[in-house]
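Subject: A structure for you to look at

Dear colleague,

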Amino acid sequence: MSEPKHERDPEDTRKHLDFIQAVVTRMSAASSTAKAWLLPVVTAAYGYALTQKDDSIALLALGATLLFAYLDANYLRQEKRFRSLYRAVAEGKHDIAPFSLRPEDIPSDFSKKDKGDWPGKTPKWINRLLPGPSVWLSWSIMPFYLPMALVGIGIFS
């Protein structure tokens with residue numbers, strides 16, 4: 001933890017926090033939109049696959065479920081990163097550039113779990129491609145997408 005190099009204007013800090021909150025709000029809205037688009041698509045595809053006994057459509061819907069789960073998990077990871085950045089700016093203990101919207105500026109003393117990353121020994125390329133376990137096991141990802149994927153697997157098999 002490093003002490004800030006200079007005094008900050010409280011109004012600048014408030015505006016910085018507003019900018020970060022706007023990004024968090026956009027990520028949350030994108031996540032909701034992904035879920036809203038997926039539900040009718042998967043419902044129709046699974047329904048068609050069941051009535052027409054067409055396993056390939058069930059496989060297509062399963063692929064869509066996995067793709068949307070990956071997209072949604074990435075939105076959640078970015079949201080977690082920006083929430084960590086928000087906390088760091090709000091605490092005022094860290095030297096973060098004024099109006100920075102770079103999650104890379106999050107201090108290293110914030111846990112990888114809070115940022116949605118993989119544990120420390122995981123290769124960087126995996127962390128760049130896949131959100132960490134705290135994201136996949138989140139209440140907004142696993143309980144939503146896992147049942148849909150299991151239904152698709154059940155229909156396909």
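Met142 belongs to helix 6, which covers residues 142-156, and please keep in mind throughout that the model is a predicted one. The relative accessibility of Met142 is 36%, so this residue counts as partly exposed, since the partly exposed class lies between the buried limit of under 20% and the exposed limit of over 50%. Met142 also takes part in a nonpolar patch on the surface, together with Leu137, Leu146, Leu150 and Ile153.

The next topic is how the helices are arranged. In general, a pair of packed helices is described by two values, the angle between the axes and the distance between them. Helix 2, which runs over residues 55-91, and helix 6 have axes that come within 8 Å of each other and cross at roughly 160°. Because angles over 145 degrees count as roughly antiparallel, helix 2 is roughly antiparallel to helix 6. The crossing of these two helices, helix 2 and helix 6, is left-handed.

Helix 1, made of residues 10-52, packs against helix 6 at an angle of about 15°, and the two axes are 11 Å apart. This angle makes helix 1 roughly parallel to helix 6, because the limit for that description is under 35 degrees. Helix 1 passes helix 6 in a crossing that is again described as left-handed.

How are helix 1 and helix 2 placed relative to each other? They pack at an angle of about 170°, with 9 Å between their axes, and they are therefore roughly antiparallel to each other. The crossing of helix 1 and helix 2 is left-handed.

Between helix 1 and helix 2 there is a loop, and Lys53 is found in it. The phi angle of Lys53 is near 50°, which is a positive value in a residue other than glycine. Lys53 counts as exposed, because its relative accessibility is 71%. Phe99, in the loop between helix 2 and helix 3, is not a glycine either, and yet it has a positive phi of about 65°. Phe99 is partly exposed, with a relative accessible area of 33%.

Now to the charged residues. Side chains of opposite charge can pair when their charged atoms come close. With a side-chain nitrogen of Lys or Arg within 4 Å of a carboxyl oxygen of Asp or Glu taken as a salt bridge, the count for this model comes to eight salt bridges.

One of them joins Glu79 and Arg83, whose closest N and O atoms are 3.1 Å apart. Both residues, Glu79 and Arg83, lie in helix 2 and are four residues apart, which is about one turn of the helix. Are the two partners buried or exposed? Glu79 is buried, because its relative accessible area is 13%, whereas Arg83 counts as partly exposed at 40% relative accessibility.

Another salt bridge is formed by the side chains of Arg81 and Asp117, at 2.7 Å from N to O. This pair links distant parts of the chain, since Arg81 is in helix 2 while Asp117 is in the loop between helix 3 (112-115) and helix 4 (124-129), 36 residues apart. Arg81 is buried, and Asp117 is buried as well.

A further salt bridge connects Asp105 with Arg102, and here the closest N and O atoms are 3.5 Å apart. Asp105 counts as partly exposed at 24% relative accessibility, and Arg102 counts as partly exposed at 46%. There is also a network of salt bridges, in which Arg87, Glu91 and Asp114 are linked.

Finally, here is a distance that you can look up in the model yourself. Ala61 has its place in helix 2 and is buried, with a relative accessible area of 3%. From Ala61 to Phe110 there are 49 residues in sequence and 38 Å in space, taken from C-alpha to C-alpha.

With kind regards

Conventions. Residues are numbered from 1 along each chain as its sequence is written. This is a predicted model: local features need pLDDT of at least 70, side-chain atom pairs count only at pLDDT 80 or more; totals for chains, interfaces and linings use all residues. Side-chain values use heavy atoms; hydrogens and water are left out. Patches are made of residues with over 30% relative accessible area and no salt bridge: like charges are joined within 9 Å, nonpolar side chains (Val, Leu, Ile, Met, Phe, Trp, Tyr) within 5 Å. Accessible areas come from the Shrake-Rupley method with a 1.4 Å probe; for residues, only the protein chains shown count as cover. Buried means under 20% relative accessible area, exposed over 50%, partly exposed in between (1.4 Å probe, protein chains only). Axes are lines fitted to C-alpha atoms, for helices over the stretch in contact, and angles run from 0 to 180 degrees between N-to-C directions. Angles under 35 degrees count as roughly parallel, over 145 as roughly antiparallel, 65 to 115 as roughly perpendicular and the rest as oblique. A crossing is left-handed if the near helix is turned anticlockwise from the far one by less than a right angle, and right-handed if clockwise.
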